[in-house]
Amino acid sequence: MHIAKKEITEYFPFPKNVYQVEILDITSENRPTYDTRLKPENERKYEEVLNFQFTLLAGQDKQEKLRGRNVWSNFVPTALYISKKNGKNMLYKIVEASIGRDLTLQEEAEGLTSEKLNKLIGKQLRVGVEVETKNGKTFNKVKDCFAKEIDYPTLNDEEKEKARVKNKEEKEIEQPVANNEQFIPNDFPVPEDEPIDVSNIPF
């Protein structure tokens, strides 16, 4: 077996802007709650959160075409709610931007199932992206979501495979990640104020 040496591929954050993206994947995981994440493991409380992977369909940074680059919205609560301070939460924004309209009262009351969420994969929307630095690492972060205005060519199979998140073993061998980019930033969301409208999602 011959293992070829590969050069490290560096991905620098792309500029702050609004980009049209395709939802490539949605995953869920159990994470320690914000207020217990620093406690010993046996004292932590866990909650289910969603991670959305968005792949850019267009855009350019100097000479680099950005189609195929990724940005994430991580640790999205698995509930639809509106806070007094920040308005609709990120799940609301992603869902409504993906379907191109506000959710109806009936849809809010029924909540979202995993089947309904899976139907969002492949949908196009626009995301407002900013550049953030935390713990010495600089990365792009989704700050807002908007409905698409036009349709861009969808990702083909080759583009999807190239953009998909590699597991740890694949990542180390096929595409090492530079220290200045995180595939999935390991930050935690700051708790919002008391929600005034809650719709739990059955999983």
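Hi everyone, and thanks for coming. Please keep in mind that this is a predicted model.

Let's begin with the core. The largest nonpolar core contains 28 residues. Phe52, Phe54, Leu91, Leu125 and Cys145 are the ones with the most contacts inside it. Which elements give two or more residues to this core? They are the strands β1 (17-32), β2 (46-56), β5 (70-77), β8 (124-134) and β9 (137-147), together with the helix α1 (90-99). The biggest giver is α1, with six residues. As a general point, nonpolar side chains in soluble globular proteins tend to be buried together.

Now let's zoom in on Phe54. At 0% relative accessibility, Phe54 counts as buried, since the cut-off is under 20%. If we skip the neighbours within four places in sequence, Phe54 is in contact with Val21, Glu22, Ile23, Arg69, Asn70, Val71, Ser73, Ile94, Leu125 and Val142.

On to the rings. How many aromatic pairs does the structure hold? There are two. Phe14 and Tyr19 are both buried. And why is the pair of Phe52 and Phe54 stacked? Their ring centres are 6.2 Å apart and their planes lie at 10°, so the pair counts as stacked, for which the planes must be under 30 degrees apart.

One last stop: Arg37 places its charged end over the ring of Tyr34, 4.3 Å from the ring centre.

That's my tour, and I'm happy to chat!

Methods: Residues numbered from 1 in each chain as written. Predicted model: local features only at pLDDT ≥ 70, side-chain atom pairs only at ≥ 80, totals over all residues. Heavy atoms only, no water. Core = buried A, V, L, I, M, F, W, Y, C linked by side-chain atoms within 4.5 Å. Buried < 20%, exposed > 50% of the residue type's maximum accessible area, 1.4 Å probe, protein only. Helix = DSSP H or I, 4+ residues; strand = E, 2+ residues; numbered from the N terminus. Contact = heavy atoms within 4.5 Å. Phe/Tyr/Trp six-rings, centres within 6.5 Å; stacked < 30°, edge-to-face > 60°. Lys NZ or Arg CZ within 6 Å of the ring centre and 35° of its normal.
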